[in-house]
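Open the model and keep the sequence beside it. The walk below goes from single residues to the ligand site.

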Amino acid sequence: MSFAGVYSLDTVTLVLLCAVAVLIIAYFRNGSQSHVELNFPPGPTPLPIIGNLHLLDLKKSHLTLMELSEKYGPIFTIKLGMLKAVVLVGYETIKDALINHPDQFAGRAHIPIFEELTQGFGIAFSTGESWRQMRRFTISTLRDFGMGKKTIEDKIIEEAHFLIKMFESHKGQEFNPAIELSAAVGNIICSILFGDRFDYDDQTFIILVKAINESAKLSGSPMIQLYNAVPILGFLYRSKKKLWKNQNLIWQFTKDFITKNYQTLDANNPRSFIDVFMLKQQQESGNPNTYFHKNNLVFTVADLFGAGMETTSTTLRWAMLLMMKYPQIQEKVHDEITTVIGSERFPRTEDRKNLPYTNAVIHEIQRFANIVPLNVMHSTTEDLNFKGYFFPKGTPVIPLLTSVLYDKTQWETPNDFNPSNFLDAEGKFVKRDAFTPFSMGPRACAGQSLARMELFLFFTILIQRFRFQVPPNVTNLELSSDVGFTLIPKYQNVCAVYR
Ligand code: HEM
């Protein structure tokens with residue numbers, strides 16, 4: 001090998017190294033400059049393809065985002081694979097966005113898995129005029145069927161009888177209440193959607209309940225988060241197939257119900273949400289641009305079924321766990337209920353104002369459990385300047401609910417379970433602005449008044465009748481959560497001892 005040869009090889013290597021270095025520098029400069037050029041919020045430097053995914057603990061993304069906000073502030077950019085999103089942190093920032101700029105932040109981000117599963121129909125993942133009409137129709141029809149009123153209160157109390165029987169049947173022995181709670185809560189939304197409840201041993205119903213619970217878990221799993229970040233690798237993910245299978249079950253159930261009920265539809269006597277939708281569909285049949293078509297019907301029902309069941313029953317599971325963990329708080333709630341209502345009559349919603357401690361405990365359960373930690377991703381509906389940054393139309397936005405429910409500037413002891421967060425010095429219940437488990441603004445939970453009524457009635461009725469105890473083999477009751485779209489308690493078994 002000649003000296004010249006060595007020299008020329010070194011030169012080639014050097015040139016190649018320089019080229020790679022220039023490309024890397026250009027890439028990183030581009031990555032961070034693109035924020036600056038568009039006046040985008042700051043954020044960690046993204047890697048090719050995966051963006052910032054390597055920084056996230058995909059089992060607890062909400063916690064990593066909280067940590068990142070300590071470095072980058074209350075508004076920062078995060079690159080989830082191909083998806084560049086803005087994270088909003090803290091009560092003040094999120095309120096400013098969702099309340100003071102309601103329309104601009106009311107879009108939904110294009111999240112691959114939800115786009116595929118919903119195709120832009122329904123309410124939870126739709127946008128624009130279709131979303132507006134579905135949301136308006138849904139809220140007014142839920143109200144007509146008693147949401148927030150006595151009609152639905154009676155249904156919840158009737159359902160509580162069945163639930164009590166199921167709990168009693170375990171005779172104080174350890175059991176997992178997940179399916180029974182989901183079935184009870186599911187029956188309330190079913191009575192509105194389908195006009196009927198189902199028995200807890202109805203296999204079709206139980207299969208649906210399990211499918212919804214499984215989908216809630218899978219849709220927030222690390223695999224599906226990876227799929228959302230890098231969708232071209234979709235064929236690799238088994239979880240995606242399961243999600244499709246579960247979604248198909250719900251669609252088929254709804255479609256069969258529609259077919260069966262269409263023949264007996266009576267404009268003077270609508271029996272269910274589905275009947276009212278079908279009547280509206282008939283009214284609008286001459287309008288080629290109507291949003292009241294079969295796809296929106298099936299997907300809206302699926303959204304309500306899913307959103308209406310999983311969230312509320314998961315909160316009740318947290319309620320039981322927390323009452324077992326803090327038996328003195330459970331006893332105080334029980335004492336208040338028996339002093340104000342007694343142990344015979346079932347609690348009613350009008351009792352809430354006379355049960356300040358119980359009311360505070362229910363609020364604290366929702367705050368502490370933080371069951372939708374990341375919120376559902378929003379997007380901007382137009383170009384917008386917000387707090388010194390420029391967000392182009394369609395920017396995905398994560399209004400991080402964890403950062404409100406655990407905001408150090410709003411709560412004295414954010415990390416502890418502490419009902420005093422909702423009580424004044426005299427023990428009276430106090431409302432707190434940062435209590436936002438249902439989010440804020442025009443996209444906030446469409447079923448919150450139903451959820452609040454269910455939580456209050458199921459919780460007080462169960463505590464009135466049962467003492468929840470830690471199973472004997474458990475020495476240290478864990479409060480950690482399992483990964484999913486919602487935060488589900490990892491440990492779930494209870495002993496429900498009839499009082
Ligand atoms: C404890 C129970 C519940 C919690 C914590 C909860 C929480 C939430 C949250 C955080 C959102 C996203 C809001 C946003 O994007 O800013 C949401 C949306 C939604 N929730 Fe709930 N929810 C609960 C129960 C229910 C129930 C019982 C129903 C139905 C009857 C329901 C129906 C919906 C619907 C349809 C949406 C989508 C709204 C839209 O995109 O316009 N939820 N919920």
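In which helix does T93 lie? T93 lies in helix α3, residues 91–98. Helices (H or I, at least four residues) and strands (E, at least two) are DSSP runs, numbered from the N terminus. This is a predicted model, in which local features need pLDDT of at least 70 and side-chain atom pairs count only at pLDDT 80 or more, while totals for chains, interfaces and linings use all residues. Residues are numbered from 1 along each chain as its sequence is written, and side-chain values use heavy atoms, with hydrogens and water left out.

Stay with T93. Its relative accessible area is 8%, so T93 is buried. Buried means under 20% relative accessible area, exposed means over 50%, and partly exposed lies in between (1.4 Å probe, protein chains only). T93 and K387 are 294 residues apart in sequence. In space, their C-alpha atoms are 8.9 Å apart.

Now move to K387. This residue is found in the loop between β6 (384–386) and β7 (389–391). K387 is partly exposed because its relative accessible area is 46%. Its phi is near 50°, a positive value in a residue other than glycine. Most residues other than glycine have a negative phi. N370 also has a positive phi, of about 50°, although it is not a glycine. N370 sits in the loop between α14 and β5 (378–379). Its relative accessibility is 3%, so N370 counts as buried.

Helix α14 spans 356–369. E364 is found in this helix. E364 counts as buried because its relative accessibility is 0%. What does the side chain of E364 make a polar contact with? The partner is the side chain of R367, at 2.9 Å. A polar contact is a pair of N or O atoms within 3.5 Å; within protein, one must be able to donate a hydrogen and the other to accept it, and residues adjacent in sequence count only if both atoms are side-chain atoms.

K353 lies in the loop between α13 (327–340) and α14. Is K353 buried or exposed? At 65% relative accessibility, K353 counts as exposed. Its side chain reaches the backbone oxygen of E350 at 2.8 Å. K353 and F458 are 105 residues apart in sequence. Their C-alpha atoms are 16 Å apart in space.

D144 is in helix α5, and its relative accessibility of 62% makes it exposed. I179 is in helix α7, residues 178–193. At 28% relative accessibility, I179 counts as partly exposed. I179 and G73 are 106 residues apart along the chain, and 41 Å separates their C-alpha atoms.

Turn to the ligand. Where does the ligand sit? The ligand sits in the largest cavity. On a 1 Å grid over the protein atoms alone, a cavity is a set of points where a 1.4 Å probe fits but cannot get out. A molecule sits in a cavity if more than half of its atoms lie within 2 Å of its grid points.

A polar side-chain atom of R135 lies 2.8 Å from an oxygen atom of the ligand. For H378, an N or O atom in the side chain is 2.7 Å from a ligand oxygen. For N375, the corresponding distance is 3.4 Å.

Finish at the iron atom of the ligand. Its only protein donor is C445, through SG at 2.3 Å. Donors are N, O and S atoms within 2.8 Å of the metal (3.2 Å for Na, K and Ca); water is not among the atoms, so sites may look incomplete. C445 lies in the loop between α15 (402–405) and α16.

Technical notes: On a 1 Å grid over the protein atoms alone, a cavity is a set of points where a 1.4 Å probe fits but cannot get out, and a pocket is an open set with protein on both sides within 12 Å along at least five of seven lines; lining residues have an atom within 4 Å of a point.
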